Each structure stands twice: as C-alpha cells, then as structure tokens.
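Grab a pencil and open your viewer. Here are a few exercises to work through, each with a solution.

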Amino acid sequence: MTDFQPMARIWFASFCAIWALGPAVANAQTGACCSGLQVCDELTEGACTGDYQGNGTTCMPNLCPVTLTPYVDPLPMPAIAQPVVGAPGAAAHYEMRMTRVPLTLHSELPPTTVWSYEGQVPGPTIEARADEEVTVNWIDDLRTTGGALLSQHDLTIDTCIHGAEVPEAIRTVVHLHGAHTFAEFDGHPELWSTPGDPGDLYRYPNGQLPTTMWYHDHALGVTRLNVTMGLAGFYILRDSFEDALGLPSGEFEVPLMVMDRSFNADGSFDYPETYVETFTGDKMIVNGAVWPFMNVKQGKYRLRVLNASNSRHITFNFKDGGNNLPITIIGTDGGLLAAPSAPVNSFTLGPAERTDVIVDFAALSPGTEVLLENSAGVPFPMGAVDLPQIMKFVVQNEAGFTGAIPGTLRSFAPLDITGVPVRTFVLRRTSELDMCQVSRPHWLINGLPWTEGPVDPGIDPVRGEMPTLGSTEIWQFANATGMTHPMHMHLLMFQVLDRHAVTIDQNDNLTIGAPLPLTATEMGWKDTVQVGRFEVVRVAAKFEDFTGTVVDSKPIGFVYHCHILEHEDLEMMRQFNVVTTCGDDQKGPAEECDDGNTTPDDGCSATCTWENRLPLVGLPQGGGVGVTILGQLVEVTTSLGDNASDVAVALAAAIEADPTLMGMGVTAFADGDSVVISDPIDSSSIGDPGLDMLPVITAALEPFDPYPSQTDAQGTDEGGDTLYALRSLMGEVAATAGGVSIESASISSGSWALSTTAGPVNINDDLARADFPGAQDPAGTLSQVGETGPFSIYFASQRDLTGESFDTVVRDSAGTGFATLSLNLLDASGNEVETPAMMVGGSFEPFAAAIPASFTLGDTVQFDAGSVVGIGLTFRSTTDPAPAHVFEIDSVAVPEPGTVGSSGVALTAMAWLAASRRSRRVRRGES
C-alpha cells in the first residue's frame with residue numbers, strides 16, 4: 001500500500017484540478033487571433049501568440065490590422081521631373097499626367113492601387129529656378145485597369161459634403177503649396193477637371209525666395225480622398241545665392257515626404273467609408289515606402305522634411321540608441337532662416353509644414369542605426385503616442401559631407417506692421433446642416449462656410465476678405481477648440497509675430513492671456529502655422545503682385561484654410577480677394593493701367609479692374625439688346641426713334657441697377673454710342689434689326705508661349721484658347737519671315753506684341769489667320785463658327801509713316817456675312833488715340849475672289865515714330881447658324897519693306913473676346 005500512496009495522491013490532485021475547471025475545459029472560449037499579414041485564426045486567448053481580438057470574435061475580412069516588418073525596404077528617392085521644353089532647374093514646360101497605377105509600398109504588401117503623377121508616389125520632383133518661369137499642363141488621365149476613363153472613386157465619397165454633391169465622381173485640381181502665383185493658377189478648389197479633360201495649363205513665375213514647396217490635389221469636398229490616394233509631389237526652388245552657401249547638396253540633400261496611411265490585406269488603402277473629422281493611419285510612409293531605411297555616410301545631411309499627412313502632427317526625433325541626435329534647423333516653409341538654429345532634440349510639424357534640417361552622422365560608428373521616430377500624440381497635443389516608428393538610418397564606413405554650415409544664411413527683414421489693419425479669425429467646431437440637410441459637426445472660420453459672406457464692406461460676398469494690393473495686414477487666428485489647427489494661406493509667405501493663451505466667449509470676444517514661446521521652426525517665412533488649443537497666433541502678411549480674377553464668369557480669389565484635410569473638406573476653408581485701389585498710380589495685375597486718376601475711358605475703369613467697351617452701331621428699329629456679365633444676363637428694350645447713344649445709356653443704367661452685378665461690384669457707364677463695363681463680358685446679343693455691335697474688348701492677358709517652336713495647334717484648349725492661337729502665330733513668324741527671329745513678347749493693353757530682328761515686313765497666307773472663339777483646328781487654320789469678333793494686326797515703326805500707303809488683301813472662305821476693315825492709330829501701348837482714319841465695308845467673296853483694299857495715312861493723322869497703326873477686321877454673319885469662316889490676310893505691304901525692318905518692327909495680334917488668361921469650363925458645387 002505504501003507504494004500506491006504517491007500515485008494516488010497524484011491521481012487525486014489531477015482529478016481535483018479537472019473537477020475545478022469543470023465545463024471550462026469542454027467549452028474553452030475562443031476568439032479571432034491576428035498574426036502576420038492579416039492572418040487570422042480562431043483560437044483560445046492562451047493559444048494566441050498574436051493580437052487576440054476578444055472572446056467570441058470571429059475572423060472576417062479586414063478584421064486584423066495589416067502587420068508589416070519595419071525597415072526592410074530602402075528609402076526611394078523621387079525622380080526629377082523631365083520637361084518637354086527646357087531643362088530641369090531652368091525655364092521649362094512640363095506635361096504632368098495623373099494616372100492610376102499599382103505600386104508596391106512595402107515588400108510584404110500586395111501592390112497598392114494609387115493615384116499618381118506620372119506613375120510615381122510622390123510625383124516627380126520639379127526643380128525650378130527663382131525668377132525663371134515654369135509652366136505645367138496638369139492632365140487628369142485617371143483610368144480603370146482596362147483603360148476606360150475612371151468614373152468611380154477608389155474611396156467612398158460622402159456626397160453630403162459641400163462640393164462633393166456634384167454629378168462627376170472624379171474631380172482633381174492641383175495646388176502648388178507655397179507658390180506665389182496668379183489666382184487662376186493657384187489650384188482654386190472649384191476649378192477642377194475630370195478624367196479625359198485636355199489639361200489645365202498653369203504658370204508659375206517663381207518670383208519668390210527659394211524654398212521647398214509641394215504640389216497636391218485641392219478639389220472641393222474631396223481633397224482628403226485624392227491626397228490619400230497619392231496625389232502629391234515636391235517642387236524645389238533654388239537660386240545662385242543659396243548655391244554659394246556650401247550647404248549639403250547632391251546625395252547629401254534628401255527630401256522626405258512623410259505621411260501616415262492604413263492598409264487592407266489586399267494592399268488597398270484603408271480609409272473610412274463614412275466621413276471622419278480626423279484620420280490617422282497606423283503606418284508611416286516616407287517617399288512612397290512604408291517604414292524604409294537609408295544607408296548614410298559619416299557626415300552631414302540636409303533633410304527637406306514635409307509632413308504630408310491628412311491630420312497627424314509629427315514630432316521628429318533622431319534616436320541613436322537612447323540618445324537624441326542633435327538637429328540644426330536651417331529653413332522653414334518659406335526658405336532659409338537668417339541663421340542656423342541652436343541644436344534641438346526634436347521639432348514638430350503639422351500637416352503641410354516643411355522644415356529644412358541638418359543632421360550630422362560624422363561621429364557615429366559604422367553600423368550605427370539611427371531611428372527617426374515620432375513622439376507626437378493623437379489627438380495633438382494631448383493624446384497618446386500611437387505611431388512612433390518613421391524610418392531608420394544606417395551609418396556606413398564611408399566619409400560624407402563634412403563642410404561647415406555657415407553662421408548666417410539669408411537675411412530676414414521683419415515687415416513693418418505700424419498701424420496696419422488687423423483681422424481676427426475664430427476657429428470653432430459647430431453643428432450645422434450638411435448638403436443632405438442632416439445635422440453633423442462642422443469646422444468653421446468665423447462661423448462661415450466656404451461660399452457665404454457677411455454684409456461687411458471689407459468682405460467680398462463671393463471671395464471673402466479684401467486686402468489691398470501692396471498692403472500689409474495682421475491676421476490673428478484664435479482657436480476655440482481643444483485641438484491644434486495648422487492654418488495655411490495661399491499666395492504668400494507670412495511672418496509669425498507671437499502666440500498667446502486666449503479665452504474666447506460665445507460672441508467671439510478674445511481675452512488675451514500669457515505669451516507662449518515660438519519654436520525654431522517659426523522664425524522664418526511661413527505659409528502654414530500651428531494654432532494650438534485655446535491659443536491666438538498673430539501673423540503679418542504682405543499682399544503683393546497678384547489679385548483676384550475671373551475665370552469663365554466665375555470670380556476667383558485665393559484661399560486660406562486649416563490643413564487638416566478632413567477639416568478643409570467640411571468647411572474650414574475660406575477665400576480672400578486681393579484688390580487694387582483706383583487712382584493710386586500703381587498698375588495692378590488685373591488693371592489695364594492706373595495713371596493716378598479715375599477719369600473714365602482712359603484705360604482705367606472706375607473700379608480699376610477691367611474696362612470692356614461695347615460699341616453700338618446703327619439706328620434702332622425696335623427690339624432689344626442683351627449682354628451677359630459674370631454669368632448675369634441684362635437686357636433692355638429698344639424703340640424706333642432712339643439712337644445708339646440712347647441704347648447705350650439705357651443698357652449702362654440697367655447694368656448698374658442689377659442687384660446681382662451690384663453685389664459683385666460691377667459698374668458701367670455710357671460713352672457716346674458705347675457701353676463701358678468694369679468686368680469681363682461673357683456674351684452679347686442684338687434683337688433689333690437696325691442695330692449692330694462691334695465688340696472691342698481689351699483683356700488683361702499675360703504673355704505666354706510654352707511651345708515657341710511649334711506652328712500647329714497642339715494642345716488647343718476646349719474653348720479655342722487665344723494664348724494657344726498666339727503660340728501658333730509666333731512660330732509661323734519665325735518660320736516664314738526670311739530668317740526673322742522673335743526677340744521678345746509682351747502684353748500691352750490686351751495686345752500681344754512680338755519684336756523681331758531685322759528683316760522683310762510682309763505677312764503671307766499662313767501667318768495671319770484669325771482665331772475666333774470656339775476655334776479648334778489642329779492644322780493651324782483657325783476658324784470660327786457662329787461667332788462675331790475682331791481680328792487685328794498692328795505694325796509699329798521707329799519712323800514717321802505719315803502719308804504712306806498700306807496695301808492688304810483679305811479673303812473669306814465662306815462669304816456669307818459682311819465685315820469692316822478699319823485703319824486705327826494707336827499709341828505705343830496699343831491704346832487707340834484717334835478714330836478710324838478710314839473704314840471700308842462690303843460682302844466678302846470666297847477665296848477664289850479675293851478683295852484687295854488699300855489704305856493711305858492722310859495728313860490729318862499724325863503718325864509719329866514709335867506709334868502703331870492697326871488694320872482691323874470685324875465680321876458678322878448674315879446666316880444663323882453661321883458657317884465656318886476662315887479669314888486670311890493675304891499680304892500687308894509696309895512702304896519700303898527693305899528699310900523698315902532695320903528700324904525695328906513689332907507685330908501684334910489682338911486678343912479677341914478673351915476675358916481671362918485661359919479658356920476652360922468652371923465646374924463647381926453650388927451651395
């Protein structure tokens with residue numbers, strides 16, 4: 001028995017243990033257990049060696065987070081964009097296509113479908129030079145795998161958000177973040193395109209300090225979705241001053257575009273199907289790779305760091321084991337600081353902020369691993385750190401850049417803020433009705449959504465705040481919420497003045513509290529600033545060079561907004577409209593001129609924006625006259641017995657009395673038989689058989705020619721863009737004028753002037769073909785269908801041509817209308833200073849029966865050296881609809897053709913009926 005007792009005790013103990021567990025052994029609880037790349041098994045919690053999802057959970061698609069190994073893939077370097085004209089780092093023209101492609105973002109992840117620029121994420125880096133213009137044709141070529149134009153977004157669109165309720169599902173527009181440029185090329189959220197559109201041709205003058213910029217999507221209501229899909233890239237501006245500083249360059253200058261994303265098991269982006277107020281992913285992507293590594297040499301690196309996340313703030317730390325590697329800050333959003341900062345352990349960037357830093361690996365042993373980590377919480381700044389890993393640097397046994405960093409960089413002059421206006425912008429989270437009339441949280445600035453303006457003389461009802469061109473203002477952003485907002489202003493760079501704690505009551509009254517320190521990343525020029533929770537931040541901004549404008553009857557200003565993309569898409573975005581002051585003797589970008597007075601009809605309108613003349617010809621017999629301005633139709637009735645001047649007075653009065661146009665600031669006045677209107681004329685119509693209109697519209701066009709060597713109409717825009725027509729004209733001048741080359745191109749009072757070297761001054765058939773609105777002809781013979789418009793050619797001479805004769809032959813392909821030829825005397829700027837010296841009219845025959853006309857400048861017209869004489873053609877169809885008409889100036893012979901060229905000749909083609917710098921449709925979601 002004694003030998004049995006130990007076994008009995010063991011058996012008894014086992015029995016008791018089993019009895020104690022009871023039914024738990026037979027019915028052990030199981031749940032979903034996640035491991036690997038979304039590998040899921042249903043196990044007990046004790047058996048799960050991965051991430052246990054809880055008792056009773058079952059495996060289902062996308063339940064498990066995608067698990068990837070950090071630091072296994074090398075850091076990609078964005079390719080340098082290659083222009084089709086010019087060279088990188090110089091004046092150039094680019095064709096940039098948005099394409100939908102599969103890219104491998106991590107070696108353990110299936111390919112991810114992305115929206116890219118030129119098949120890359122980030123898109124190719126555009127290298128540019130200060131004051132050397134770059135033009136880009138942004139082309140939406142997003143397609144399905146089968147090649148059809150994309151009609152459904154890869155992410156779910158919330159159609160209850162303003163701007164996302166319009167019928168087209170795919171909308172894109174490119175904003176060059178940090179660019180100082182024209183309003184119509186700024187990436188206005190309502191100037192979007194859809195797949196298959198011919199492209200948006202944008203001009204970037206680069207007249208600003210060198211810096212790191214980035215281009216990204218900015219379409220109204222869907223920015224967060226389009227950027228999530230990958231539409232972003234670098235744009236780096238340089239100059240010789242910065243080149244000479246000896247900063248790390250070449251392989252030692254590295255751009256880092258950092259963003260957070262989440263993935264599904266199939267590699268697709270995991271983004272919520274319903275709108276969320278902020279989005280943070282669980283993976284960091286750097287230059288298109290998840291958690292990459294980079295081998296570095298023993299030396300200094302210049303890192304151009306961009307936080308391209310939707311919502312996440314990132315605090316960057318370089319960790320050598322448990323130690324922080326010192327960081328020297330040398331630049332911010334707007335370029336270099338005045339001097340390098342003292343070494344810091346970390347720096348924080350909100351979405352869209354950029355900082356240039358110097359990190360030195362020289363003292364580290366080969367094989368040392370330096371981790372770039374994030375220590376910012378979510379929500380920022382009070383939340384927990386949920387995503388610390390960014391990328392890894394591995395030090396190699398090779399010498400790197402060891403040059404000294406200069407003690408001074410670029411001079412920085414504070415703006416003079418003495419007595420300048422101060423504007424206050426209160427940032428709030430409110431509850432408002434969305435486009436589906438459902439109450440949901442909104443993020444607003446001063447309680448206003450994107451398209452609504454208050455009754456305030458300082459606020460444009462369409463384009464928001466109205467700073468004056470050339471002025472400096474203080475904008476203070478007061479944050480009444482518990483999270484930080486990165487506030488971004490388009491058009492300009494500003495200076496951060498100070499930040500304070502603030503208390504804001506329900507009436508938006510501010511009680512300023514204790515001052516708070518600025519960081520080293522805020523000591524230079526900025527375009528985005530972090531406005532912390534319950535803080536007020538003041539910035540000083542100067543509004544220079546560019547004003548608001550009009551594109552296809554749509555008033556366009558610039559934009560300011562929170563760069564948390566989810567906030568931007570739900571109304572935390574407003575416009576401002578830079579305006580000019582009439583009579584200030586400073587010509588604004590949208591002004592024909594400003595001579596220091598407000599005299600009507602001297603090229604400077606009463607509002608100093610546009611001056612568009614609509615001449616009326618004939619005697620009314622009864623009917624009506626209509627004109628459309630900024631999309632608003634105004635009509636008046638005509639009566640037998642009136643004259644053209646009576647109609648002009650009535651039409652001007654009707655325009656002035658129209659409440660919609662009044663709200664837009666449109667003015668008009670009668671000048672003899674003409675109506676002079678302050679804003680672009682969309683169209684005009686005559687319903688009186690005794691009247692006719694001769695549209696003479698001078699538009700503030702800018703000189704532009706991306707294809708100076710091509711003579712066809714390649715790339716002609718959908719509206720028969722005047723600029724493309726003039727491009728064709730320029731090429732033919734060089735090709736046909738006996739070796740004459742173009743020395744310069746300029747705009748003066750709506751006319752395009754080409755100065756040529758010495759040579760004959762004869763124009764052949766191919767050169768002078770009139771481009772009317774609606775023209776689309778790839779062969780270069782530009783025609784007009786059912787339209788009316790002027791075509792003019794001007795010659796300038798350095799000698800007096802009084803008394804000389806001009807011979808011309810004008811031919812019309814159809815001969816179904818009537819036209820007038822006129823001789824006009826203009827000053828050196830292209831402004832008419834005399835009434836037509838002669839006018840010849842009559843029916844035009846087809847090409848086979850050309851009708852010559854001869855003009856002689858009489859003694860009564862003084863034509864001084866340097867002045868301009870113009871030969872103008874205006875056509876009006878006698879059939880409806882009109883057939884296609886092509887007008888050719890067969891020849892224009894200037895006296896003594898062998899001698900005029902040696903004196904200097906300028907050939908000018910007038911812009912016809914163009915009221916903006918480009919022709920395209922404006923698509924927008926109405927409020």
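Two exercises follow, both on a predicted model.

**Exercise 1.** Work out the strand order of the sheet that contains S42, and find what lies across S42 and S43.

*Solution.* 
- Step 1: Start with strand S42 (residues 623-629), which runs antiparallel to S46 and is joined to it by five bridges.
- Step 2: The order is S43-S42-S46, an open sheet of three strands with antiparallel pairing. Strand S43 (632-638) and strand S46 (681-686) are the edges, each pairing on one side only. From one strand to the next, the twist averages 15°.
- Step 3: H6 (residues 644-657) lies across S42 and S43, and runs at about 145° to S43.

**Exercise 2.** Is Asp 434 buried or exposed, and which residues does Asp 434 touch?

*Solution.* 
- Step 1: Locate Asp 434 in the loop between strand S26 (422-433) and strand S27 (439-445).
- Step 2: Asp 434 has a relative accessible area of 5%, so it counts as buried; the cut-off is under 20%.
- Step 3: Leaving out residues up to four places away in sequence, Asp 434 touches Cys 160, Arg 440 and His 442.
- Step 4: Zoom in on Arg 440: its side chain makes a polar contact of 2.9 Å with the side chain of Asp 434.

Notes
Residues numbered from 1 in each chain as written. Predicted model: local features only at pLDDT ≥ 70, side-chain atom pairs only at ≥ 80, totals over all residues. Heavy atoms only, no water. Pairing = 2+ DSSP bridges. Helix = DSSP H or I, 4+ residues; strand = E, 2+ residues; numbered from the N terminus. Axes fitted to C-alpha atoms, helices over the stretch in contact; angles between N-to-C directions. Contact = heavy atoms within 4.5 Å. Buried < 20%, exposed > 50% of the residue type's maximum accessible area, 1.4 Å probe, protein only. Polar contact = N/O pair within 3.5 Å; in protein donor to acceptor, adjacent residues only side chain to side chain.
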